[in-house]
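Here is a short briefing to read alongside the model. Have the sequence and the 3D view open, and we will go from the overall fold to single residues.

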Amino acid sequence: MRKLTHREIVLRQAQQKNQLKLPFVVVLNNIRSLYNVGSIFRSADGAGVSQVYCCGITGYPPNTQISKTALGAEDQVPWEYREDVDHLIMDLKSKNFDIVLLEQTDSSIAYESFKPQAPVALVLGHEVDGVSPSMLDYCDQAIEIKMEGIKNSLNVSVAFGIVAFHIRNTFQKSLIH
């Protein structure tokens with residue numbers, strides 16, 4: 001075994017660049033930290049997310065703070081700014097998206113139990129307040145990451161990475177079988 005060089009990794013990624021994007025979008029609902037937004041773009045690129053929607057107070061490219069953590073992923077993943085998240089969600093529902101909140105609710109299920117049905121729109125909320133209360137009226141499901149320690153949640157970009165790769169892996173397994 002040997003570690004790949006940066007050049008080898010870049011070449012491998014270039015060869016895989018034409019892979020199909022998944023039927024999976026992410027909606028950023030009032031994410032306040034531009035560093036979190038950048039990190040989400042980077043994870044979205046790695047997980048094969050087809051679109052990122054930045055809504056409300058969420059910052060969007062071009063922005064040096066986003067670029068600092070996205071490392072160019074903000075130029076690879078299609079994105080759109082929508083001021084009104086409710087209108088966006090209604091538009092996605094009209095296109096048969098399954099609206100899934102990454103949020104702790106009285107009926108959230110563990111993300112590991114979540115079986116995504118394409119297409120999926122994963123909604124992430126504000127770092128402290130979570131998703132807008134109106135999102136509860138539109139969602140089809142809420143999923144959460146169960147916590148064992150004294151903290152009740154993970155950083156939003158970390159939580160997104162965990163769930164995004166779960167969704168990607170589930171979709172990829174369904175394509176193989």
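Following the sequence, the protein chain runs α-β-α-β-α-β-α-β-β-β-α-β-α, which comes to 6 helices and 7 strands. Helices (H or I, at least four residues) and strands (E, at least two) are DSSP runs numbered from the N terminus. The radius of gyration is 16 Å, close to the 16 Å from the globule rule for 177 residues, so the chain is as compact as a globular protein of that length. That radius is taken over C-alpha atoms, and the rule is 2.2 Å times the number of residues to the power 0.38.

Please keep in mind that this is a predicted model, in which local features need pLDDT of at least 70, side-chain atom pairs count only at pLDDT 80 or more, and totals for chains, interfaces and linings use all residues. Residues are numbered from 1 along each chain as its sequence is written, and side-chain values use heavy atoms, leaving out hydrogens and water.

**Overall picture**

- The C-alpha trace of the protein chain spans about 50 × 40 × 40 Å along its principal axes.
- Buried residues account for 42% of the 177 residues; buried means under 20% relative accessible area, exposed over 50%, and partly exposed in between (1.4 Å probe, protein chains only).
- Of the contacts between residues at least 6 apart in sequence, 80% join residues at least 24 apart, where a contact means heavy atoms within 4.5 Å.
- The accessible surface is about 10200 Å², with 51% belonging to carbon and sulfur atoms; these areas come from the Shrake-Rupley method with a 1.4 Å probe, and for residues only the protein chains shown count as cover.

**The sheet**

- The 7 strands form an open sheet with parallel pairing, in the order S3-S2-S1-S6-S4-S7-S5.
- At its edges are strand S3 (79–82) and S5, each of which pairs on one side only; two strands pair if DSSP finds at least two bridges between them.
- Strand S4 (residues 98–102) runs parallel to strand S7 (residues 141–144), and 3 bridges join them; here leucine 102 stands opposite isoleucine 143.
- S7 also runs parallel to strand S5 (residues 109–110), joined by 2 bridges, and alanine 110 faces glutamate 144 as its opposite residue.

**A buried glutamine**

- Glutamine 51 sits in strand S2 (residues 51–55) and is buried, with a relative accessible area of 16%.
- Leaving aside residues up to four places away in sequence, glutamine 51 touches Phe24, Val25, Val26, Val77, Pro78, Trp79 and Glu80.

**Backbone features to look for**

- Most residues other than glycine have a negative phi, and most peptide bonds are trans.
- Proline 61 and proline 62 are joined by a cis peptide bond with omega about -10°, and proline 62 is in the loop between S2 and helix H3 (64–70).
- A cis bond also leads from alanine 118 to proline 119, with omega near -10°; proline 119 lies in the loop between S5 and strand S6 (120–125).
- Asparagine 30 is not a glycine, yet has a positive phi of about 65°; this residue lies in the loop between strand S1 (24–29) and helix H2 (34–47) and counts as partly exposed at 22% relative accessibility.
- Asparagine 96 likewise has a positive phi of about 65°, in the loop between helix H4 (85–94) and S4, and is exposed with a relative accessible area of 61%.
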